[in-house]
Amino acid sequence: MSGDRRRTQRRLKRQWQEQEAYRAALVAREQRLAELLPEARPATEPLVAGAGWYGRGVATAIGGSYLLWGSEPDTSTSVGDWISLTWGVLFGILLCSQVAVWRIAADAGGLWIRRFGRVRRLPWDRIRMIELHRDGTLKIAVDNDEPSTILGAFVPPLLHGRLRIPPTGRETADRLALMARHPELRPAGEVPGREVGLPLGVWALVAVGVLAADWFLLD
């Protein structure tokens with residue numbers, strides 16, 4: 001019993017530490033936005049952000065590693081193995097498409113977000129919060145019980161100082177957050193949804209085709 005109690009105490013302590021770290025990050029973020037607001041200027045054109053070298057590099061590493069060293073089906077592969085292999089591959093393709101070809105565009109009316117099945121429109125008046133997570137993903141919370149939209153990834157904030165690279169993700173999140181709160185900072189023009197590009201699912205199908213060719217056409 002004492003062992004269970006110690007494990008419970010450690011778990012509760014860890015949860016409390018994570019909550020305190022999140023609160024501190026929120027306070028720091030609000031202070032940063034307050035400092036940026038006086039110098040912020042209205043956007044002269046729609047803001048478009050998307051996958052950069054980090055996301056594409058991660059996707060290339062995952063996809064390349066699988067093509068080189070991953071399991072491939074053959075005549076002896078059982079039905080259960082086929083199911084496991086297919087689910088694993090689909091998950092990997094979904095992950096790669098989310099980090100390698102994501103895109104978001106901000107205009108006068110709101111955000112265009114490239115999702116898996118469609119390009120989604122999210123009006124400004126529905127957006128409650130936009131923030132950069134510590135894993136480099138962009139989180140957009142809306143005004144009801146709908147799950148938050150997660151997209152990205154940018155380089156994680158922890159690596160900014162170590163690699164001495166610009167904090168592009170944080171700057172993008174801050175700028176979008178200010179636009180959501182202050183209509184005068186939003187771009188004046190509108191961006192057609194087609195300019196955001198094809199849904200992620202289309203790119204995922206391309207990856208499925210490449211993998212199928214590797215499985216069945218190449219020895």
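Trainee: How many helices and strands does the protein chain contain?
Mentor: The model is predicted, and its elements, read from the N terminus, run α-β-α-α-β-β-β-β-β-β-α-α-α. The secondary structure of the protein chain amounts to six helices and seven strands.

Trainee: What percentage of the residues in the protein chain is buried?
Mentor: The C-alpha atoms of the protein chain occupy a box of roughly 65 × 60 × 40 Å along the principal axes. The accessible surface comes to about 13,800 Å², with 59% of this area belonging to carbon and sulfur atoms. Of the 219 residues in the protein chain, the buried share is 35%.

Trainee: Among contacts between residues at least 6 apart in sequence, what percentage joins residues at least 24 apart?
Mentor: Contact here requires heavy atoms within 4.5 Å. Among contacts in the protein chain between residues at least 6 apart in sequence, the share that joins residues at least 24 apart is 64%.

Trainee: How far apart are the mean positions of the positive and negative charges?
Mentor: The protein chain carries 29 positive and 24 negative charges. The distance between their mean positions is 7 Å.

Trainee: Which strands stand at the edges of the sheet of four strands?
Mentor: This open sheet has the order β1-β2-β3-β4, with antiparallel pairing. One side of each edge strand is left without a neighbour in the sheet, because each has a single partner strand. Neighbouring strands of the sheet are turned against each other by 15° on average, direction ignored. The strands at the edges are β1 (47-50) and β4 (119-123).

Trainee: Which residue of β3 stands opposite A106?
Mentor: β1 and β2 run antiparallel and are joined by four bridges, and in this pair L47 stands opposite A106 of β2. On to the next pair, β2 and β3 are joined by three bridges and form a hairpin with three residues between them. In β3, the residue opposite A106 is L111.

Trainee: Which residue in β4 is the bridge partner of I113?
Mentor: Strand β3 (residues 110-114) pairs with β4 in the antiparallel sense, over five bridges. Within β4, the bridge partner of I113 is R120.

Trainee: Which residue in the turn of the β5 and β6 hairpin has a positive phi?
Mentor: The bridge partner of M129 in β6 is A141. The hairpin of β5 and β6 has five residues between the strands. The turn residue with a positive phi, of about 95°, is G136.

Trainee: How many residues of strand β5 are buried?
Mentor: Buried means a relative accessible area under 20%. Strand β5 spans residues 127-132 and is mostly covered. Of its six residues, the number buried is five.

Trainee: Is S97 buried or exposed?
Mentor: S97 lies in helix α3 (residues 79-100). Leaving aside residues up to four places away in sequence, S97 touches W102, F116 and L200. Its relative accessible area is 6%, and because buried means under 20%, S97 counts as buried.

Trainee: Why does N144 count as partly exposed?
Mentor: N144 is found in the loop between β6 and β7. N144 and V27 are 117 residues apart in sequence and 23 Å apart in space, C-alpha to C-alpha. N144 counts as partly exposed because its relative accessibility is 40%.

Definitions and conventions: Residues numbered from 1 in each chain as written. Predicted model: local features only at pLDDT ≥ 70, side-chain atom pairs only at ≥ 80, totals over all residues. Heavy atoms only, no water. Buried < 20%, exposed > 50% of the residue type's maximum accessible area, 1.4 Å probe, protein only. Helix = DSSP H or I, 4+ residues; strand = E, 2+ residues; numbered from the N terminus. Pairing = 2+ DSSP bridges. Areas by Shrake-Rupley, 256 points an atom, 1.4 Å probe, with all protein chains shown as cover. Lys, Arg positive; Asp, Glu negative; His and termini not counted. Charge placed at Lys NZ, Arg CZ, Asp CG, Glu CD. Axes fitted to C-alpha atoms, helices over the stretch in contact; angles between N-to-C directions.
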